[in-house]
Each structure stands twice: as C-alpha cells, then as structure tokens.
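This report goes through one model, from its strands and cores to its ligand shell and backbone exceptions. The sequence and structure come before the discussion.

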Amino acid sequence: PALIFATNNQHKVDEIRQVLSDSFHIMTLKEAGIDIDIPEPHDTLEANAREKSTVIHQLTRQDCFSEDTGLEVAALNGEPGVKSARYAGDGRDFQQNILKLLEKLEGEPDRSAQFRTVVSLILNNTEYQFEGICKGRITTAQSGNKGFGYDPVFIPDGASVTFADMTMQEKANYSHRAKAVAKLISFLKEQQ
Ligand code: ITT
C-alpha cells in the first residue's frame, strides 16, 4: 500500500515523487481525502515534523511520513529556521519572506546558510527521523523562476546558480530534501 505523505505543499510532493524509485508510491493528503491544516506549533523542525506525522497517523491509523524544512542563516543565528514559512507574517507570502531576508542581510559579508529537512516516518506505530542538509549561500538579488520558497536567493555549494535557476532534477542533485528522502528510502528497503 502507498505511504501517506502528510503535507499540504504540492512542491514537496513533486520533488519527492521525482526522487522516489518506482518501488515506492506515496499518497498525498488530497488523494487520501484528508483536508486539514496540519499544525506546526513547536520550535524545532524535529518536533514539528513529528507533530505532522502523528496527527495524520492518529487520523488514518496508517503508516505515513511528513517533513519539516527550514532555511538556517549563519549571520542570523539560524533564522528563519523553523519560522521559514511565516518569516514575514502569517500570510506565508514568499516574496515578503525573501525581501525580509535580503533586507536583514544587507551589507552582511557572511552569506552562508543551509537548508535542513527533517523527515518523520511512522511505521508500525514507531517514529523514525531522517535529516538532510544542503549548505550554500544567500545571494544579494533574486534569480530564477523555478522551484519555490527561498529558491530564488539560495545557491548550493558546488553550483553557480540558484535553486530557482535549476530544473527539479538538477535541484535534487544538491537538495536537503533529496538527501533526507534517500535515507528514508534506504531505511524502507531494509525493512522489506
Ligand atoms: P507542510 O504542509 O509540509 O507543512 P509547508 O509549506 O508548511 O508544508 P514547512 O513548514 O516545511 O512547509 O515550511 C518551510 C518553508 O520553507 C516553506 O514554506 C518554504 O517557504 C521554505 N522551503 C522549504 N523547502 C524549501 C526548498 O526546497 N526551497 C526553498 N524554500 C523551501
């Protein structure tokens, strides 16, 4: 049976489906007929990821996973981090979030940052977590129109363009999400 992916973010679904091998199928909340706004009340990615998978597990009694992702900027002591989606307010307006980030980093020579994804899997009533980190830097201006969120201002180490300048396949060669999901896949394979 397909594993339920507890998210309301279609970009995450697209990126994860693209890196999943044919042996694993995931079902979105929409496809499972579940329409809820999953809460993210905690102050760590780990706790929020667990909250999301736990809520959906309690609702469906099925194996499922979630992920929580944050952009951690060194010069801002790890901000926006767990607040990445709502950095500039509850409107979750990505353009406003990006503008706030660039403003806070104005004149700052240290542009280093990382994306961090924590996957929370609930399998047979037990929770497991998998982390993926992508190090890189924040640009001074936006570039590209692919991807989502902070992609137009993030260049991963080893690349010369932003995530938003890359195809989904190219992004997956570097991304936090692809790394965390690779760990999830190898764990699931061990269980088979
Ligand atoms: P869920 O339903 O899975 O919770 P969400 O959009 O609320 O989806 P998060 O709580 O993980 O997701 O929010 C993290 C925010 O960080 C997200 O809304 C984006 O703005 C940003 N983000 C996450 N992954 C990203 C990526 O790969 N590239 C750029 N920005 C990303």
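## Basis and strand pairing

Two strands pair if DSSP finds at least two bridges between them. Helices (H or I, at least four residues) and strands (E, at least two) are DSSP runs, numbered from the N terminus. The model is predicted: local features need pLDDT of at least 70 and side-chain atom pairs count only at pLDDT 80 or more, while totals for chains, interfaces and linings use all residues. Residues are numbered from 1 along each chain as its sequence is written.

Strand 1 and strand 3 pair in the parallel sense over two bridges, and Ile 4 has Cys 64 in strand 3 as its bridge partner. Strand 3 also runs antiparallel to strand 5, with ten bridges joining them; here Val 73 is the bridge partner of Ala 113 in strand 5. Strand 4 (residues 80-81) is antiparallel to strand 3 and joined to it by two bridges, with Gly 81 opposite Leu 71. Six residues separate strand 3 and strand 4 in their hairpin.

## Burial of strand 3

A residue is buried if 20 or more other C-beta atoms lie within 10 Å of its own, exposed if 12 or fewer, and partly exposed in between; C-beta atoms are placed from the backbone. Ten of the ten residues of strand 3 are buried.

In a regular strand the side chains alternate between the two faces of the sheet. Cys 64, Ser 66, Asp 68, Gly 70 and Glu 72 point one way from strand 3, and Phe 65, Glu 67, Thr 69, Leu 71 and Val 73 point the other way.

A nonpolar core is a set of buried Ala, Val, Leu, Ile, Met, Phe, Trp, Tyr and Cys residues joined through C-beta atoms within 7 Å. The largest has 20 residues, of which Ala 6, Cys 64, Phe 65, Val 119, Val 181 and Leu 184 touch the most other members. Two or more residues come from each of strand 1 (3-5), helix 2 (45-60), strand 3 (64-73), strand 5 (112-123) and helix 5 (176-191). Another core, apart from this one, has 17 residues, among them Val 73, Tyr 87, Ile 98 and Cys 134.

Leu 184 touches Phe 65, Val 119, Leu 121 and Phe 130, not counting residues up to four places away in sequence.

## Ligand shell

The ligand is surrounded by 20 residues (C-beta atom, placed from the backbone, within 6 Å), and the closest are Thr 7, Asn 9, Ser 84, Ala 85 and Gly 149.

## Backbone exceptions

Most residues other than glycine have a negative phi, and most peptide bonds are trans. The bond between Glu 79 and Pro 80 is cis, with omega about -5°; Pro 80 lies in strand 4. Asn 77, in the hairpin turn, has a positive phi of about 55°.

Arg 61, in the loop between helix 2 and strand 3, has a positive phi near 60°. Arg 61 is exposed because 9 other C-beta atoms lie within 10 Å. Asn 125, in the loop between strand 5 and strand 6, has a positive phi of about 70°. Asn 125 counts as exposed, with 8 C-beta neighbours inside 10 Å.

How values were computed. Two residues are in contact if their C-beta atoms, placed from the backbone, lie within 7 Å.
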